[in-house]
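Let's go through some of the labels used for this model and ask what stands behind each one.

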Amino acid sequence: MVTTEEDAVSALVMQGKDPRTGEVVGDPLTETSPEELDAVLDAAARTASTLRATSPGERAAWLRAVAAAVDAAAPELVSLAEAETGLPQPRLTGEVTRTTNQLELFARVLEEGSFLEATIDHADPAAVPPYPDLRRVLEPLGTVLVFTAGNFPFAFSVAGGDTASALAAGCPVIVKSHPGHPGLSVRTGQIVADALAGAGAPGGSFAVVHGVDTGVAAITDRRVRACSFTGSLAGGRALHELAAGRPDPIPFYGELGSLNPVLVTRAAVARRGAEIAKDYVASFTLGTGQFCTKPGLLLLPRGHGLEAALTDAADAVPPAPMLGSRIHQSFVSGVEALAGRTDIRPLRAPSVVDRPGSWAGAALFATTAAQVLAAPEQPLEECFGPVSLVVEYDSLEQAVAIVRGLGGSLTATLHAEDEGEDEDLTETVAALSDVAGRLVWNGWPTGVAVGWATHHGGPWPATTDPLHTSVGASALRRFLKPAAYQSVPDRLLPAALQDDNPLRLPRRVDGVLVPGKPE
């Protein structure tokens, strides 16, 4: 029985119909059967050793082929994504570009070579005790299962960063599609698979599977060696427990919930308070508040005088559709939970939207730091959607206490002045850095640059593993394991560790970093 909009869209796609017109446009889409999943897992397991033996340069060429194919199909893919998600074309077009840029970045990472951390210590028989020849390198983990996200149908989906980084690492990838954009997942999967095959990647390197039961079966199968996930706290926790509860537990890299606090000092309020209020509202309502980096908590000094500026800015933001009724209902429940707390007061209730669909308007609530600190049994948590909480603090020390009491976040933002601050901000910066993966100074967290220095992660519940990032050059480190070789003959060593350095990699030799050889 179809009960929600995304169910209705999925039902049409499953029937081979265009979700916009209802016309039959292709073969019906069915969930992956146990037999089909077994074949996909077998193919991936068989090709893992072949992938492991490929060179970084070969894999770079595969990624560039995928990027070119996705770019070429962008108009078709954007149209399909718009129909299934309701996201606007400009946003989707930009996301396609970000997705192909990610693929190109990982190609450059592969060509640069330092990601392998190739390290050689030559034997020293005169050492006490004698030191053997030891060589260390990072090697692929094996088959990676990728659970895609609903709010980024390209950048965190079938051809997104998890897929790109796992392929870059030399791992076969099995993508579990998202029910919010099933048709897009199928089509993107076809494009990626064809591009990989055309570029010479071995069969079994990539596949897309469908269905909740399929995902559960895959994550508990011993042929899967690692898993990534972007989504809700509840869903991520359930999958994390499945991965950890296996007879052979595997790494689970989940991105779950993030409050992303913003702290504003008195000096910053005095100099540019109205501007900060306006920009904060623009940030937490961007994309109808459906970004993982949406700031959900604003810490302002008592007497800030910005309530009118905040509510005026929120009033100016028109209601917009959310990704689906399940997400919208979660937003409504979160707003109702805030409204039901006696220690929190509403500044602006969300707009009542009299139109079909899962539309939402901006909502603002307020409380004090003293009230938050007095109720540790009621922790502040992420509410996905265009809603935010303003907390008034009496002192910077009190604000820092609030920050240290929060769960982990992907980001934390500090608005302060380069000159004219009355207090030392060292402890404030340290507290914000402790709870978040990225500290933003006088900016806004929405929008994640994809580059060499990017870190998109944080302590629980932002992620299940604060040591790693899901975006940027270091993301492929999640799917690599260290391997050391002691006194192994040169001819049997991985190419990255052989004496003549055939891959021309930068390496650390006897403690000294040696640049890669030029072509």
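Q: Why is Glu-139 called buried?
A: Glu-139 has a relative accessible area of 7%, and buried means under 20%, exposed over 50% and partly exposed in between (1.4 Å probe, protein chains only), so Glu-139 counts as buried. A word on the source: this is a predicted model, in which local features need pLDDT of at least 70 and side-chain atom pairs count only at pLDDT 80 or more, while totals for chains, interfaces and linings use all residues. Residues are numbered from 1 along each chain as its sequence is written, and side-chain values use heavy atoms, with hydrogens and water left out.

Q: What makes the contact of Lys-481 and Glu-139 a salt bridge?
A: The N to O distance between their side chains is 3.6 Å. A salt bridge is a side-chain nitrogen of Lys or Arg within 4 Å of a carboxyl oxygen of Asp or Glu, so the Lys-481 and Glu-139 pair qualifies. Lys-481, at 31% relative accessibility, is partly exposed.

Q: How do you know that E2 and E17 pair?
A: Strands here are DSSP runs (E, at least two residues) and helices are runs of H or I with at least four, both numbered from the N terminus. Two strands pair if DSSP finds at least two bridges between them. Strand E2 (residues 134-140) and E17 share 7 bridges in the antiparallel sense, so they pair by that definition. One of the bridges joins Leu-138 to Pro-482 in E17.

Q: Why is one side of E17 and of E19 left without a neighbour in the sheet?
A: The order of this open, mixed sheet is E17-E2-E1-E18-E19. Strand E17 (480-486) and strand E19 (512-514) stand at the edges with a single partner strand each, so one side of each has no neighbour there. From one strand to the next, the twist averages 25°.

Q: What makes Glu-117 and Arg-136 a salt bridge, and what does the pair tie together?
A: Their closest N and O atoms are 3.4 Å apart, so the pair meets the salt-bridge definition. Glu-117 is in the loop between helix H5 (89-112) and strand E1 (119-121), while Arg-136 is in strand E2, so parts 19 residues apart in sequence are tied together. Glu-117 is partly exposed at 33% relative accessibility, and Arg-136 is partly exposed at 30%.

Conventions
Axes are lines fitted to C-alpha atoms, for helices over the stretch in contact, and angles run from 0 to 180 degrees between N-to-C directions.
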